[in-house]
Amino acid sequence: MNKSNLFFLFVIMALFYSCSDPTITDDLLDGNVIFDPSLYNPGQFLVSAKYPNPTPEDLSKHIILVIHGYSATTFEWQEFKDWSNESTYRISQVLLDGHGRDYDSFKASKWEDWRSAITDEYEKLIALGYTKISIAGSSTGGTLILELVKSGYFNSHLPPKNLFLIDPIVVSSNKLQSIIGIVGPMIVYAESDQTSEENKYWYRFRPYQTINELNDVMKVVRKGLEDGITLPSGTYFKVFHSLHDPVASTTSTVLIYKGLKTSTGAHIDAQIMDSDIHVFTRLSLRSNVTPLQYANQLDAFNQIANKLN
């Protein structure tokens, strides 16, 4: 190993080094006290649980599954839920498996586990008779949606009406993330710089095993986009991306735009937002939110809602 590589490794270790699992207190999501409320009150979050015997009026409504990102919880889409008019469409807030629980559950989870929560709710809705189903995903939620399209899942299930992605991560803005497979056993975990309030809704400590899982599903999606992916017939797709996203590089959306086509071979819709925050639709608990950031959020919310009418 030459001197530059040694220095690079030293910097990495200085930034992340730890020798054992983190010290977790009960005021953290990672602890054993706070859990995502959808786990013990699913009827307030999942349409399939709230309306297990839907009426014809229920079945006539559009349903949109909203999918949060890596290390997050249902909280990430709560603002959209609060903003939405439940009389015109309904929102099903999906908690990814392995998330919203304790550190050990998160550490042991695979990306296929995360995805299974999406397909579980999707298939329950289909079985109940819903036919107008859309999905919106932020960050890794968007990556998992792309993987579902790439895998051909919707070829054997009711195709979604619409797919919306907010700051999907296919290429990371953090170059160190890609080498976690090499240094992971030494760093054990990465600690997020977040506030005490955010500690209730996002894991503060991200085990290297789950970062590896994130890298794996990103790699699967990148390969699919390189080979070319086609949307199901009749499915509308739009991706929104912050211009200066500090987590998911805008190269992600460039690859999506180039590698994903509609069933007729047309380009998908994409919009770059004048923003420097990751998951620009989540403004709650952020500090110094500007009028432009509120305008970006409202623009995306309106476009999603209007497409359901």
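This report walks through salt bridges in a predicted model.

First, the ground rules. In this predicted model, local features need pLDDT of at least 70 and side-chain atom pairs count only at pLDDT 80 or more, while totals for chains, interfaces and linings use all residues. Residues are numbered from 1 along each chain as its sequence is written, and side-chain values use heavy atoms, with hydrogens and water left out.

Searching the whole structure turns up 6 salt bridges (a side-chain nitrogen of Lys or Arg within 4 Å of a carboxyl oxygen of Asp or Glu). Among them are these:

| Pair | N to O distance |
|---|---|
| arginine 90 and aspartate 58 | 2.7 Å |
| glutamate 147 and arginine 115 | 2.8 Å |
| glutamate 197 and lysine 200 | 3.0 Å |

Take the pair of arginine 90 and aspartate 58. It links distant parts of the chain, 32 residues apart: arginine 90 sits in strand 2 (residues 89-94) and aspartate 58 in helix 3 (residues 56-59). Helices (H or I, at least four residues) and strands (E, at least two) are DSSP runs, numbered from the N terminus. Both arginine 90 and aspartate 58 are buried, meaning under 20% relative accessible area, with exposed being over 50% and partly exposed in between (1.4 Å probe, protein chains only).

Then there's glutamate 147 with arginine 115. Glutamate 147 belongs to helix 7 (residues 140-151) and arginine 115 to helix 6 (residues 111-128), so this pair ties together parts 32 residues apart in sequence. Glutamate 147 counts as buried because its relative accessibility is 5%.
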